Number of protein chains: 2
Amino acid sequence: MENRERSIKNIIEDKLTGDQLKEFNRIYYGREDHCTLKLNDEAIRKSEEDGIQLAGYSFKAANEDTRPPRVVKLGLVQHSIVLTTDNPVHSQRNAIFYKVKNLIEIAASEGVNILCLQETWAMPFFLCTGEKEAWSEFAESATNGLSVLFLAELAKKHGMVIISPILEDDNGTWWNTAVVINEEGRILGKHRKNHLPSVGSFSETAYYSPGDLGHAVFDTKYGRIAVNICYGRHHALNWLMFGLNGAEVVFNPSATVAEFGESFWGIEARNAAVANGYFTCSINRVGTEEFTIKTEPGKSISRNFYGSSYVTAPNGCRTPSLSRVTDGILVAEVNLNLCRQVKDQWGFNMTSRLNEYAEELNQVLLQK
Amino acid sequence: MENRERSIKNIIEDKLTGDQLKEFNRIYYGREDHCTLKLNDEAIRKSEEDGIQLAGYSFKAANEDTRPPRVVKLGLVQHSIVLTTDNPVHSQRNAIFYKVKNLIEIAASEGVNILCLQETWAMPFFLCTGEKEAWSEFAESATNGLSVLFLAELAKKHGMVIISPILEDDNGTWWNTAVVINEEGRILGKHRKNHLPSVGSFSETAYYSPGDLGHAVFDTKYGRIAVNICYGRHHALNWLMFGLNGAEVVFNPSATVAEFGESFWGIEARNAAVANGYFTCSINRVGTEEFTIKTEPGKSISRNFYGSSYVTAPNGCRTPSLSRVTDGILVAEVNLNLCRQVKDQWGFNMTSRLNEYAEELNQVLLQK
């Protein structure tokens with residue numbers, strides 16, 4: 001295997017053993033042991049057959065006197081596109097649907113309660129091409145688009161909450177949106193990406209505006225969840241508001257490439273989990289996507305996404321990353337009671353002095 | 001060497017070589033090569049003789065047309081106390097002064113321009129004992145206390161800006177304070193710790209109040225600097241305000257122990273550097289400190305600090321950590337022009353939507 005195809009976990013476990021490995025894990029992952037979840041044989045067999053990495057970890061919480069444990073299984077899915085981007089839109093989309101259906105079925109067989117797909121999962125990430133019209137048929141309605149209809153059925157079938165990040169076409173206006181579908185297949189609501197990159201060829205303001213829906217937290221059967229889409233992970237106030245609004249799990253569906261800060265992929269969502277006392281779930285697509293630039297004959301660009309999806313608990317412990325290159329499902333069994341327990345232990349909320357920051361922020365803004 | 005005495009760098013470089021080591025470094029430190037600084041022979045010899053770890057790294061920036069490079073050397077000092085805590089106050093303090101003088105002289109011989117000591121460097125960290133009167137002679141004036149007088153002389157002698165985190169006694173009221181002394185030995189100003197822990201035995205509200213001096217940035221000869229003391233590193237808004245006020249380097253002098261989040265020691269200051277486009281310098285004391293609890297005969301407590309001081313650049317690249325157990329000096333040669341270059345590249349400031357957050361924060365606070 002090429003080094004660039006390997007995760008930190010692969011590299012380390014090749015070479016470190018025993019106490020050295022434990023000490024590395026203690027500092028790097030926050031715990032000596034990964035607390036691996038027992039997975040069922042059929043799911044393992046099916047994943048191996050299909051070239052999917054299936055990994056499971058658990059995060060415990062202390063028993064409480066007045067609250068029962070609130071154990072839920074979170075599912076993160078990362079995948080590559082299937083057909084090359086010169087195929088008809090409907091073929092590309094159907095091929096992705098077919099692949100994702102299989103991934104969701106495997107996750108369901110592991111009892112996943114809340115599942116999140118990657119940013120704009122039903123299409124190649126053409127938002128790095130600078131071109132719009134050529135790709136516009138990938139945009140879809142957040143209420144009755146093909147993705148929503150497709151996932152609503154799976155959500156209902158498996159009693160699973162599903163977060164579907166799509167390119168939304170709202171009556172001719174595009175948004176980068178995550179639709180939250182509940183376990184009965186009903187749409188609970190949606191969130192729109194709050195912060196848009198203009199970094200290298202990822203210049204998304206050409207396609208849509210920054211989100212206009214604030215920082216909604218969705219009260220699902222399994223827990224209070226929110227979605228911070230991709231570039232929003234760089235913004236501490238974005239993470240903060242989801243926390244203040246009561247989130248227990250914040251998903252960060254992304255599409256990001258190594259040259260744009262892979263070294264802090266493991267930093268930002270993890271920092272947010274600790275700072276705000278919730279679980280964070282970081283999801284990034286995998287694979288190389290090639291685009292022919294239609295308005296500039298002969299020109300094409302290629303983008304390589306590095307996967308590495310992972311989960312962080314509010315106490316800062318994290319799972320290993322999924323692969324940098326293959327499709328994968330990460331199952332995290334978490335006890336949501338840990339959120340309050342960690343807040344009680346660390347007191348970051350209690351000591352936040354938010355009133356003073358609101359005032360100080362206003363002063364700084366007035367001076368501009 | 002015991003594993004617990006080893007840094008991640010020690011552990012990794014024992015076992016990984018060549019391309020594997022490069023790939024690990026790329027993801028973990030943000031760059032394949034540590035860009036080691038050439039240190040002078042005499043400083044190396046003196047450090048080795050005194051059991052001090054001396055390490056140096058550099059961070060480059062692109063050349064610009066209209067600004068010359070602004071290369072400065074930052075110095076981080078971590079150290080243990082010298083005498084046991086049952087010795088007279090003046091003996092304990094003098095012994096620390098003697099040790100720190102040597103550390104500063106070595107840093108000066110490496111051409112350090114801005115140097116920062118650890119939190120309450122001139123005393124054992126008795127703030128974890130719960131006792132006050134027994135230790136009160138360690139508190140001192142921020143204008144003419146022994147620490148300030150001692151460091152002012154060294155600052156002037158070496159033309160060095162020195163940040164001196166002390167336990168301040170302001171006419172009978174204590175504060176956890178960092179005094180900034182300029183290269184002429186004059187006091188430029190001070191900062192007071194904005195967020196206080198009540199975590200385990202570290203319950204600092206028994207000693208002093210949260211800082212009342214906001215988020216000052218000090219415009220020194222060598223660059224615009226600020227200080228975020230210890231527990232303040234858990235607060236994203238604290239880091240943010242220093243950035244909005246123009247800081248190019250933010251020091252985080254600390255006193256922290258492994259059981260309180262060692263796994264995110266490498267996360268928070270690094271996240272802040274990336275989010276706010278400045279350098280961060282994380283400093284933690286080393287060694288075990290034993291305290292006899294004077295009001296409870298027979299009871300004593302012991303605290304072990306894990307060092308691991310490091311520097312992060314605004315692009316997320318970081319130096320390896322200093323040792324977990326020995327005194328150390330970390331010299332980082334940085335080009336401050338990198339701050340604006342990274343902001344231009346990433347656009348986190350441009351896309352911050354601060355006006356909207358100020359409003360949203362006010363709304364949340366009104367609802368409480």
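Contact means heavy atoms within 4.5 Å. This is a predicted model, where local features need pLDDT of at least 70, side-chain atom pairs count only at pLDDT 80 or more, and totals for chains, interfaces and linings use all residues. Residues are numbered from 1 along each chain as its sequence is written, chains are lettered from A and ligands numbered from 1 in the order in which they are written, and side-chain values use heavy atoms, with hydrogens and water left out.

**View 1. G51(B) sits in a loop of chain B.** The loop runs between α3 (41-50) and β1 (53-59). Helices (H or I, at least four residues) and strands (E, at least two) are DSSP runs, numbered from the N terminus. Leaving aside neighbours within four places in sequence, G51(B) is in contact with T326(B) and D327(B). G51(B) is partly exposed, with a relative accessible area of 46%. Buried means under 20% relative accessible area, exposed over 50%, and partly exposed in between (1.4 Å probe, protein chains only). Now find G277(B): from C-alpha to C-alpha, G51(B) and G277(B) are 35 Å apart in space, and 226 residues apart in sequence.

**View 2. Strands β5 and β6 of chain B pair in the antiparallel sense.** Strand β5 covers residues 173-181, and β6 covers residues 187-192. Five bridges join them. Two strands pair if DSSP finds at least two bridges between them. T177(B) stands opposite R192(B) in β6(B). The hairpin has five residues between the strands. There, G185(B) takes a positive phi near 85°.

**View 3. S308(A) and R353(B) have positive phi values.** Most residues other than glycine have a negative phi. S308(A) is not a glycine, yet its phi is about 65°. Its loop lies between β14 (300-306) and β15 (310-312) of chain A. S308(A) counts as buried, at 6% relative accessibility. R353(B) is also a residue other than glycine, and its phi is near 50°. Look for R353(B) in the loop between α8 (337-346) and α9 (354-366) of chain B.

**View 4. S263(A) touches residues of chain B.** Residues up to four places away in sequence are not counted. The partners are R26(B), I27(B), G30(B), R270(B) and G316(B). S263(A) is placed in the loop between β11 (249-254) and α7 (265-276) of chain A. Is S263(A) buried or exposed? At 10% relative accessibility, S263(A) counts as buried.

**View 5. E5(A) lies in the segment before α1 (8-15) of chain A.** E5(A) and R324(A) are 319 residues apart along the chain. Their C-alpha atoms are separated by 5.8 Å. Not counting residues up to four places away in sequence, E5(A) touches N10(A), R324(A) and V325(A). With a relative accessible area of 34%, E5(A) is partly exposed.

**View 6. Chain A has nine helices and 16 strands.** Its radius of gyration is 20 Å, close to the 21 Å that the globule rule gives for 368 residues, so chain A is as compact as a globular protein of that length. The radius is taken over C-alpha atoms, and the rule is 2.2 Å times the number of residues to the power 0.38. Along the principal axes, the C-alpha atoms fill a box of roughly 60 × 60 × 40 Å. Of the 368 residues of chain A, 64% count as buried. Among contacts in chain A between residues at least 6 apart in sequence, 68% join residues at least 24 apart.
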